[in-house]
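Open the model in your viewer and keep the selection tool at hand. We will go stop by stop.

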Amino acid sequence: MNRFGIRLAFFLLCAGTAVLGFAEPGLSQIQQPVQELTSIQALTSVGNDLVYAGSFGHGLFRSEDRGATWTRSGQGVTDPFILTLTTGKDGAIYVGTFRGGVFRSRDRGKSWQAINSGLKRQEIKALLAVGDAVYAGTADGVYRLSAATDRWSVVTTGLDDILVHALALSSDGTLFAGTSGKGIVRFKAQSTGWVRQQQGLKDHEGMTENFIRVLTIDPEGGIYAGTFDGGVFRSVDGGVTWRPISRALPNDSIRGILFNSRGLFVATGHGIFKTTDKGRQWVPLNKGLTSMAIQVLIESGAGVLYAGTSDGAFRSDDDGRTWNPINQGLEGGEAPAPFHFR
């Protein structure tokens with residue numbers, strides 16, 4: 001199996017462990033069955049109280065009380081394997097799925113409509129809503145949604161058959177895409193095609209990381225890239241050069257990056273960590289987490305964080321210092337398989 005195949009298998013294992021039941025039950029589990037919680041892959045919020053959660057195998061959930069209780073919210077979404085969520089400027093919610101493309105709700109999650117016209121493939125790994133624009137990272141490059149026609153068009157050439165995991169837009173309009181196998185590429189308005197970052201992301205051992213899972217840009221223009229198993233990198237020159245900042249981080253599988261005035265937060269395959277000195281030291285923020293396999297991390301209001309894990313969701317009201325489970329209504333049960341074999 002080549003490196004891409006190994007990474008894909010690793011992703012499916014991480015995403016599906018809680019849902020597909022890979023863990024071997026012990027005797028006590030057999031005697032006292034426990035309702036499994038679903039694997040939360042995506043989160044987005046609207047205002048202070050309304051939160052949406054996307055699961056891997058059980059579809060969409062919605063909460064009006066900051067996650068205290070959840071109800072199903074996926075009428076019209078044909079694929080229960082949710083990979084990404086985002087909120088538009090007008091309050092519309094967009095969901096990207098594993099096999100069914102993109103869906104949108106304009107009535108606070110009561111109903112959803114497919115918006116897949118123009119998409120060549122319907123595996124949606126990333127959605128980015130900035131201003132009036134909505135972008136999708138797919139298994140066939142990056143697309144932009146036309147507000148006038150509700151049709152997707154390829155942003156520019158050069159990423160055919162390339163899986164795009166992450167998107168970020170800088171203040172000068174440069175679009176960055178994190179890919180599987182091609183590292184980070186960028187597209188500047190009026191330019192011709194995607195440009196691959198030639199110097200690449202090299203870790204402290206000299207290895208180049210070409211599998212990018214997360215991209216984030218801070219208010220000063222610093223770009224942060226999270227890799228599948230190579231840690232976190234930072235660029236201060238528009239992506240021309242990159243420096244690893246996670247040598248002191250206990251886990252290099254990066255699933256989320258966010259920043260606020262109190263520091264830089266990173267979600268990993270083994271917990272959440274924070275740095276206030278650009279990565280020289282990392283402080284664990286895992287008190288109350290019963291699942292360390294973090295899949296997504298978002299902020300909703302000052303100091304309020306939500307984390308989706310392979311075993312349910314958690315909320316922190318104190319900037320990550322302590323976490324509380326928020327799983328009432330998120331119980332899973334047996335989920336369908338993401339692949340069908342004949």
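Select Ser235 to begin. This model is predicted, and Ser235 sits in strand S21. Is Ser235 buried or exposed? Its relative accessible area is 0%, and buried means under 20%, so Ser235 counts as buried.

Now show what surrounds Ser235. Leaving aside neighbours within four places in sequence, Ser235 is in contact with Gly221, Gly222, Ile223, Val240, Thr241 and Trp242. Pick out Thr241 from that list. A polar atom of the Ser235 side chain lies 2.8 Å from the backbone oxygen of Thr241.

**The sheet around S21**

S21 covers residues 232-235 and pairs with strand S20, residues 223-227. The two run in the antiparallel sense, over four bridges. Which residue stands opposite Tyr224 in S21? Select Arg234 to see the answer.

Four strands form an open sheet here, in the order S19-S20-S21-S22, with antiparallel pairing. Strand S19 (212-217) and strand S22 (243-244) stand at the edges. Each has a single partner strand, so one side of each is left without a neighbour in the sheet.

**Arg247, out on a loop**

Go to the loop between S22 and S23, where Arg247 is found. Arg247 has a relative accessibility of 67%; exposed means over 50%, so Arg247 counts as exposed. Arg247 and Trp282 are 35 residues apart along the chain, yet their C-alpha atoms are separated by 9.6 Å.

**A hairpin**

Select strand S5, residues 82-87. Five of its six residues are buried, so S5 is largely enclosed by the rest of the structure. Leu85 has Val95 in S6 as its bridge partner.

The two strands make a hairpin, with five residues between them. Click on Gly91 in the turn: its phi is positive, about 90°.

**The largest pocket**

Keep Leu85 selected. Leu85 is one of the residues nearest the centre of the largest pocket, along with Leu127, Leu215, Thr216 and Ile257. In total, 38 residues line this pocket. The space in it comes to about 1,300 Å³.

Which strand gives the largest share of the lining? Select S9, which supplies six residues. Strands that each supply at least two lining residues include S1 (40-46), S5, S13, S19 and S27 (294-299).

**The nonpolar cores**

Now look at the largest nonpolar core, which has 14 residues. Select Val142, Leu159, Leu167, Ala177 and Trp194, the ones with the most contacts inside it. Strands S9 (124-130), S10 (133-138), S13 (164-169), S14 (175-179) and S15 (184-187) each supply at least two residues of this core.

Another core, of 13 residues, lies apart from the largest one. Among its members are Ile40, Val296, Val304 and Tyr306.

**Zoom out**

Finish with the whole chain in view. The protein has two helices and 30 strands. Of its 342 residues, 56% are buried. Take contacts between residues at least 6 apart in sequence: 46% of them join residues at least 24 apart.

Conventions: Residues numbered from 1 in each chain as written. Predicted model: local features only at pLDDT ≥ 70, side-chain atom pairs only at ≥ 80, totals over all residues. Heavy atoms only, no water. Buried < 20%, exposed > 50% of the residue type's maximum accessible area, 1.4 Å probe, protein only. Pairing = 2+ DSSP bridges. Core = buried A, V, L, I, M, F, W, Y, C linked by side-chain atoms within 4.5 Å. Polar contact = N/O pair within 3.5 Å; in protein donor to acceptor, adjacent residues only side chain to side chain. Contact = heavy atoms within 4.5 Å. 1 Å grid on protein atoms, 1.4 Å probe; cavity = no way out; pocket = protein on both sides within 12 Å on 5 of 7 lines; lining within 4 Å. Points joined across faces, edges and corners; volume = space filled by probe spheres on them.
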